[in-house]
Amino acid sequence: MSIAISIPHIFGTDFTQRVPWTVHIPFVVDRKFPRLEDTHLTTRNLNIRIGDTHILKDVNVEIPQNKITCIIGPSGCGKTTLLRTFNRLVDSIEGVKIDGQVNLGKQDIVAANAGQMSELRRNIGLVPQRPCPLPMSIYDNIAYGCRIHGVRGKRKLDLVVQHYLEAVGLWNEVKDRLHSPANKLSGGQQQRLCLARSLAVEPSYLLADESTSALDPISSKTVEDLFVKLKRDYSIVMVTHTLRQAQRIADYVIFMYLGEVIEQGDAKEVFSNPKHELTKTYLNGGIS
Amino acid sequence: MKRAIVIEKIWKALMYASIALVLFFVVSVIWSVFRRGLPVLSWEMVSSLPGGGFYIGKEGGFLNAIVGSIYIVGGATVLGLLVSIPVVFYLNVYLKPHPKLGVVARLAYDILFGIPSIVYGAFGFTIMIFFGLRTSLLGGIIVVTLLIIPIFIRSMDEVAKTIPQDILEAGYSLGSTRLETITVVVRQIAPAIATATLLGIGRAIGDAAGVMFTAGFSDSIPTSLTQQTASLPLSVFFQLSAPQLEVQDRAYAAAVVLTAIVLILSLSGRFIMNRFSRNKI
């Protein structure tokens, strides 16, 4: 008898009205997908050739957990290619050839088949260089990733959308126009929307490909601050052209030159006491 | 005055002249059709089937042709979109890393685009004879579909080529497969789909040669896919070739209906397009 009374009671509860929801993060919002046990991202003897050009030469890196890793180096040194190898977006280039290993935990990203790729890419989010919302409403932009990974139900998605928009500080700005097109937002807002979109599928890693370079200084600062805040829960790999930005936020630095990793290590260590001659020259503005 | 400014004035005048020329043709075509057709056009004409002596000037209307045209074009548009949206998606998403295959495919439908509709008609006719089929609504729909698929693909592809790679990559990096990005691609090219549909309908509804051998002609409204059906262009053609002046006037009335349908379609298309393009990046 008591069951018959309590069941309608539970289902009658309007979960969206639960206050204050930020104190109690609903289980459905950030535990939608199984977590990886081992999330170490490493490369072993990674070589990439596009046609006859040798883009990456014997790259061995290990991305530290819950830190901001900045990949620095002059233009054309393979920073972006390395970043895009982590989620296999390099595949879209004609004539690309990958040798070596990129491992996420026990899984080899280079050898992953189409089915594993989807799950791997969910675990490794990307924040693009130019803000690029999907051609749909603000709400659908966040919900898109969840939907393709099988999260359904309006109530659940409402909570997810609100949670991640709040996480990037966009909720108060857009809560009245969630169903209006995302292209109406400003550049900085669009970039935060892209960030929220990546976060909504619960990645372990965030790849940022010069994600602040197309933004105005204030929006750029907002996004940068967000990355610093987010490193508590995510490992962030960032390609940057601005050395100052790397000095501000990096915990770990990988310096690349002509497709090779010249030096990597703790940011303070590399910036204050570079071991390699090339690194010294680059840090002093000798190579650009 | 400076030489460059004089030259610019001359070119500007030429541009105005060509715009005026185009507008003149638009207005004069509509005017000449409506001048002869409108006085004859009556409710009876668009709402009733041809009577016994309709083609020698007796009572009746050409509802058979209006409905027949709508059946043929409606069926062909649906079939055409079902074929061409996947083609455009394949060309622009799956073939993107292999552009050489795309060149061959695009060349193929460019050739199809240039084939005159009478050739499609003859082709359809040959196939139908081979299978022992009679002229029918289905035959008309299939031939008109063949006719408009290249139009659909060509106009959608032009827009789909400009889809930013960033959008596709955003989809991939969230874990979507290439097939799952179709929701993104379709939203992005929605305005192009609307335009292509209208262009295709405009071309299809006015096409006489394709349906002449394949759909046939009939004085009644078809009730199944295997029956013959009339169409507006053929109705215009048959009445215009009659010797009686009043029958020729009725041809103009049918042409008025045809023109009005096309005008309404393209105007409503403008409105629909604006609505579709609100999400476009």
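Two strands are taken to pair if DSSP finds at least two bridges between them. Helices (H or I, at least four residues) and strands (E, at least two) are themselves DSSP runs, numbered from the N terminus. The model described here is predicted, so local features need pLDDT of at least 70 and side-chain atom pairs count only at pLDDT 80 or more, whereas totals for chains, interfaces and linings use all residues. Residues are numbered from 1 along each chain as its sequence is written, with chains lettered from A and ligands numbered from 1 in the order in which they are written.

Strand β1(A) (residues 41-50) and strand β2(A) (residues 53-59) pair in the antiparallel sense, with four bridges between them. Within this pair, A:R49 stands opposite A:H54 of β2(A). Two residues separate the strands of the hairpin, and A:G51 in the turn has a positive phi of about 60°.

Chain A as a whole contains 12 helices and 11 strands. Contacts are counted between residues whose C-beta atoms, placed from the backbone, lie within 7 Å. Among the contacts in chain A with a separation of 6 or more, 68% link residues 24 or more positions apart.

Six strands of chain A make up an open sheet with mixed pairing, in the order β7-β8-β9-β4-β10-β11. At the edges stand β7(A) (124-127) and β11(A) (260-266); each has a single partner strand, so one side of each is left without a neighbour in the sheet. On average, neighbouring strands of this sheet are turned by 20° against each other, direction ignored. For such angles, axes are lines fitted to C-alpha atoms (for helices over the stretch in contact), and values run from 0 to 180 degrees between N-to-C directions.

Within the sheet, strand β8(A) (residues 205-209) runs parallel to β9(A) (residues 235-239), and five bridges join the two. Here A:L207 stands opposite A:V237, and A:Y205 stands opposite A:S235. β8(A) is also parallel to β7(A), to which it is joined by four bridges; the bridge partner of A:G125 is A:L206 in β8(A). Five of the five residues of β8(A) are buried. Both of its faces are covered, with A:Y205, A:L207 and A:D209 on one side and A:L206 and A:A208 on the other. Together with helix α9(A) (residues 217-230), β8(A) and β9(A) make a right-handed β-α-β unit. Right-handed describes a crossover in which, with the strands pointing away from the viewer, the path from the first strand over the helix to the second runs clockwise.

Helix α5(A) (residues 138-148) has eight of its 11 residues buried, so it is largely enclosed by the rest of the structure. The buried residues are A:I138, A:D140, A:N141, A:I142, A:A143, A:Y144, A:G145 and A:C146. They pack against α6 (154-167), α7 (171-174) and α8 (187-199) of chain A. Just after this helix, A:G150 takes a positive phi of about 90°.

Turning to chain B, its division is into domain 1 (1-37) and domain 2 (44-279), with bounds that come from an automatic or database domain assignment. The C-alpha centres of these two domains of chain B lie 31 Å apart. Domain 1 gives five residues to the contact and domain 2 gives six. In chain B, helix α11(B) (residues 232-240) has B:L232, B:P233, B:L234, B:S235, B:V236 and B:Q239 buried. Their cover includes α3 (63-94), α9 (190-205), α10 (209-212) and α12 (245-276) of chain B.

The two chains also meet: 22 residues of chain B are in contact with 26 residues of chain A. On the chain B side, α7(B) (165-173) and α8(B) (182-188) each supply at least two residues, and α7(B) provides the largest share, six residues. By class, this side of chain B has eight nonpolar, seven polar and seven charged residues. In this grouping, Ala, Val, Leu, Ile, Met, Phe, Trp, Tyr, Cys and Pro count as nonpolar, Asp, Glu, Lys and Arg as charged, and the others, Gly among them, as polar.

Technical notes: Buried ≥ 20, exposed ≤ 12 C-beta atoms within 10 Å, placed from the backbone.
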